[in-house]
Amino acid sequence: MHTLISLTSPAVLPTVVEDVTAPVSWAGGQYAVWLVALPLLSAAVLLLLGRRADRWGHWLGVLASAGSFVVGLGLLLGLLGLPAGQRVHDVHLGTWLDAGALSIDAGLRVDPLSLTFVLLVTFVGTLIHVYSVAYMEHDAARRRFFAYLNLFVAAMLLLVLADSYVLLFVGWEGVGLASYLLIGFWNHRTPYAVAAKKAFVANRVGDVGLLVAMGLLFATFGSLDFATVEAGAASGTVSQGTMTAIGLALLLAACGKSAQFPLQSWLGDAMAGPTPVSALIHAATMVTAGVYLIIRSGAVFTAAPTAQLVVAIVGAVTLLFGAVVGCAKDDIKKALAASTMSQIGYMVLAAGLGPIGYAFAIFHLVTHGFFKAGMFLGAGSVMHGMDDQVDMRRFGGLGRYMKITYFTFMAGWLAILGVPPFAGFFSKDKIIEAAFVPVDGQPWRAWVFGCVALVGAGLTAFYMSRLFFMTFEGQKRWSTTKDGAEQHPHESPALMTWPMIVLAAGSVGLGLVLSRVGFVEWLEPSVGHAEHEEPVLAIPLIIGLTLLAVVLGLVLAWRRYAVTTVPVTPPLGTALTRAARVDLHQDAVNDALLVAPGQYLTRSLVYGDKAVVDGAVTGLGRATVGVGDLVRRVQNGYARSYAAVMVVGVVVLAFVVLAARG
Amino acid sequence: MSLTHYLVLAAILFAIGATTVLLRRNAIIVFMGVELMLNSTNLLLVTFSRIHGNLSGQVLAFFVMVVAAAEVVVGLAIIVTIFRTRRSASVDDVNLLKS
């Protein structure tokens, strides 16, 4: 096997590293530490001070996140002041582990890619912090909530800023922990606690992939920092089998974190967390970490075309999977979660197309971060006004009661549909175009991925319009709250609406602005430059077809969910609808394939442990007791019988002695 | 009288004593059996002492008597105590240690 052969010859490559243009030192990079430190300190203060921080804790959280954003903005200005070729900086923080031959440095990489993430995370994060101040106002544990949010922001920033896989892994685990804590924030409700555990376990499966990838990388390159790995992968001295193995392991990690097929089942359940969490972690930022990992490891995937193809396939499958599930969900948050899954499928598909798709994947990631977070906050606002109702069949006509939520949600809806000139048009359309570009002169890939992306766009239009119409248009289908009082939908307070308005503004204009200011060129120092290649169809035709698919989906949803009355109890539906309602039997498949055999295995191990190991120990004990029981009968307590035994013994002894002498 | 007579007598006495100890329940009688065995041994000691013309056996017989006397003192005291508390002098009743 290739892998094993190369494992035996590590440290071939570090010599090659010297040839690569070493990142230029830049004093501004030192400030990057504060990006992570601010929210981390705030989280520590909030958790350590306890109830004493209850009154002002949430504002400290907002401030820490905003502070990180300001630092990020400063770094952005600093980088913009440098020529494009000098925008990749590795900031050395010190030696982290030093054990003989193994020496791992802690360092941050400030480059256009990480800074894009930093700005997205801190900007959207700050808005969601502000929103949460009002959303969680009546929750007794609001301070703890903000501590976790800050912890998440710190971990996420560490993840995207790390300059090596080891430090990235720390952030990777940190966001997993924060995600777990926040999904299970209301863990006194058993299903929520279970959902948190499910997310944690699914993420763990992905983490194993990352660990394996790190092991392979270390064995192959002798180092885990991005610079060495990039140089080594580009040098072409490593066998393709090794690179494919590394790529697939990285993909597994990405699948776990980004809820991609086949590890996507946790995302829907993760909606158990408070809605701001769903907006920040499970829509805008953390779930995109997988996309980040794939793009950051671009050199590995370039050297492993097979792994790259698998990435694209996983993206395409998830894209359709999420879209189909989204069409059938009646829970507004779960429909949005399915949509997130599908949109990240787009990003992973783009990331699987190679350098041509990297920039567009990030572009879509950024616009998606805005419009999806905006829609989640809108959903939270709807729930806020509707007594935590999430069933869209019990909404309807809310647009007349919540004007701001209505219009901000509409901006997000049009953006995700890809209606020009909203943000999604500029990003998603580019991905569809890129999907139609033949790779390595293989037209079948262009056709398959292109058509999947196209169908996905139509499905997206359908399920998002369905969600929008069921919630905001049509007849009102609500009457009473859970406790029987009359339902009075109302607009949310200003602290909640302002973040939504800002995000809506991003949903409207961000795509246009970013494509005008050259976002793709800005990313080039990090993700590499891709030559423009012609897709198999003419670009105007692709745009036309995409818009046609979107309009079709929109009209279909309009006719079924806005014009006609939506039944309050879900109709039986087709077999596909019924399957999609239960996530296309994802949980059942997992149960049958993994959980049941796993439990069988553990049960048989427990049985084996009881029968063999415990059996040996308890058997020995029982045998001792049995022998003792037998011997005990001799000790009958009658002095005369003891005397008889002695007499017999002496006589026997006498005979023996005499016989020996005789 | 030859040596054999002494030895046979001693053996008979010892057998009677041993049988008494093994078969009788009354603690006093059991004691008497024990004394009988001790005295049969004394008889042997004295016999061999005389045959060999060596006084050690005679001296040892005295020792045995002294020890037997002491043993009787202690033993009888125990028996009397047991009889007082349990209203019985049967050795078979004294099996409290066997729970």
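This is a predicted model: local features need pLDDT of at least 70, side-chain atom pairs count only at pLDDT 80 or more; totals for chains, interfaces and linings use all residues.
Across all chains, a search of the whole structure identifies 25 aromatic pairs. One of these joins A:Y180 to A:F200 in a tilted arrangement, with a centre-to-centre distance of 4.9 Å and an angle of 50 degrees between the planes. Because A:Y180 belongs to helix α7 (residues 165–183) of chain A and A:F200 to helix α8 (residues 190–221) of chain A, the pair ties together parts that are 20 residues apart in sequence. A:F200 is likewise partly exposed, its relative accessible area being 26%. The face of the A:F200 ring also carries a charged neighbour: A:R204 lies over it, at 4.1 Å from the ring centre.

A further aromatic pair is formed by A:F469 and A:W558. Its geometry is edge-to-face, with 5.2 Å centre to centre and 75 degrees between the planes. A:F469 is located in helix α20 (residues 443–472) of chain A, and A:W558 in helix α23 (residues 539–563) of chain A; the contact therefore ties together parts that are 89 residues apart in sequence. With 4% relative accessibility, A:F469 is classed as buried, whereas A:W558, at 42%, is classed as partly exposed. Both residues belong to a cluster linked by ring pairs, which also includes A:Y406, A:F407, A:F409, A:W413, A:F468 and A:F472.

Elsewhere on chain A, the residues A:Y31, A:V33, A:W34, A:L41 and A:L93 make a nonpolar surface patch of about 500 Å². The most is contributed to this patch by helix α3 (residues 32–49) of chain A, which supplies three residues. A:W34 is found in helix α3 of chain A and, at 44% relative accessibility, counts as partly exposed.

For chain B, an unreviewed UniProt entry annotates residues 6–23, 28–48 and 60–83 as "transmembrane region". In the model, the span 6–23 of chain B is 100% helix and 0% strand, and its end C-alpha atoms are 25 Å apart. Residues 28–48 of chain B are also 100% helix and 0% strand, with 31 Å between the end C-alpha atoms.

Terms used: Residues are numbered from 1 along each chain as its sequence is written. Chains are lettered from A and ligands numbered from 1 in the order in which they are written. Side-chain values use heavy atoms; hydrogens and water are left out. UniProt positions are given in the numbering used here, feature names are shortened, and annotations may be inferred rather than shown by experiment. Helices (H or I, at least four residues) and strands (E, at least two) are DSSP runs, numbered from the N terminus. Rings of Phe, Tyr and Trp (its six-membered ring) pair if their centres lie within 6.5 Å; planes under 30 degrees apart count as stacked, over 60 as edge-to-face and the rest as tilted. Buried means under 20% relative accessible area, exposed over 50%, partly exposed in between (1.4 Å probe, protein chains only). A charge sits over a ring if NZ of Lys or CZ of Arg is within 6 Å of the ring centre and within 35 degrees of the ring normal. Patches are made of residues with over 30% relative accessible area and no salt bridge: like charges are joined within 9 Å, nonpolar side chains (Val, Leu, Ile, Met, Phe, Trp, Tyr) within 5 Å. Accessible areas come from the Shrake-Rupley method with a 1.4 Å probe; for residues, only the protein chains shown count as cover. A salt bridge is a side-chain nitrogen of Lys or Arg within 4 Å of a carboxyl oxygen of Asp or Glu.
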